[in-house]
Amino acid sequence: MHGEYKVPGGKLVVVDLDVVDGAIRNPRVAGDFFLEPDEALDDLNAALDGLPAASEAKQIAAAITKGLRADAVMLGFSPEAVAVAVRRALTDATTWADYEWEIVHDPAVSPRLHLALDEVLATRVGEGRRKPTLRFWEWEESAVVIGSFQSVRNEVDPDGAAKYGFDVVRRISGGGAMMMEKGNVVTYSLYVPAELVQGMSFADSYAFLDDWVLQGLRALGIEATYQPLNDIASPAGKIGGAAQKRLGSGGVLHHVTMAYDLDNEKMLEVLRIGREKISDKGIASAAKRVDPLRSQTGLARAEIIERLKQTFAELYGATSGSVTADELAEAEALVASKFATEEWLQRVP
């Protein structure tokens, strides 16, 4: 069995192993990481040998930590990274290179249609009816997109939203409210098969699926990092946030919104961002939480998106595509039956 895990911002970890009578046997850890002293590699293999094949990642990481000699130094990877690679070997996990990827960057549609497309396209990828896809959103209308489990009245100030022309819509993924002002955000969705993140915790999968965008942002001169659970940040401040939904079809929806430009005072009028929300951020004001891409790159929004598309295409061989007429029709029907209804919007009042 063979498993691979590219540590976000770090190195590749590869594990080959056998399973005999329900136990891991003949494990062979490899990769482009750094490990000192050389003999510590034997410690890694010995720690894995004999573990139950049903072991969870935490148990595997604990065994590795216990088995490593005291002076061992791991650079670019960790016991947890090895554990993920082992779990991926023990499941039917796949890698980015196992798929043909498509990049979709179609003209703007309504916020509700964007949300419906997320559900339709992720479902179809899970069912094998669409290639795994990266889709960039375009905006002609502004909206506040709240998380699946958020309260409308707790998150949105209706007077502020009406004043600035922000519609309020609810997505199928969890997480926090995002103020999507037309022309001032960079939003994308990834639709991937569940096998791509097999063996990873939810937290690991967030960073794994956004490692490509960190590479793209760094190519633009931004010192981008991933901050658990779901923030993309830089030394200048938070850039954006991710949300994720696993669907019964076997598809995974992972979408991200990054601020291109931001009117902080407007944000505070539209969103109810209270002291509790920012109390654990080590900052004095919600207005200081987000640092937009415009100020960090000096580039037009369209140029940033083109550069990010180029990064993804170079990494994974993706080709350009578009939403099909059939997919669009299905999404429009879903808007009418779900995303445009008060029942869906107010399911958590």
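I took buried to mean under 20% relative accessible area, exposed over 50%, and partly exposed in between, with a 1.4 Å probe and protein chains only. This is a predicted model, so I kept in mind that local features need pLDDT of at least 70 and side-chain atom pairs count only at pLDDT 80 or more, while totals for chains, interfaces and linings use all residues. Residues are numbered from 1 along each chain as its sequence is written, and side-chain values use heavy atoms, with hydrogens and water left out.

Entry on the helix. I looked up H12, residues 301–316, where helices (H or I, at least four residues) and strands (E, at least two) are DSSP runs numbered from the N terminus. Its buried residues are Arg301, Ile304, Ile305, Leu308, Lys309, Thr311, Phe312 and Tyr316. Seen down the axis of H12, these fall within an arc of 155°, so they line one face of the helix; the arc is that of the directions from the helix axis to the C-beta atoms. I noted that an α-helix has 3.6 residues a turn, so residues three or four places apart point the same way. Among the elements covering the buried residues of H12 are strand E11 (185–193), strand E15 (251–259) and helix H8 (211–219), contact meaning heavy atoms within 4.5 Å. After H12 comes Gly317, with a positive phi near 65°.

Entry on the chain. I found 14 helices and 16 strands in the protein chain, and 51% of its 349 residues count as buried. The C-alpha trace spans about 65 × 45 × 40 Å along its principal axes.

Terms used:
Expected span 1.5 Å × (residues − 1).
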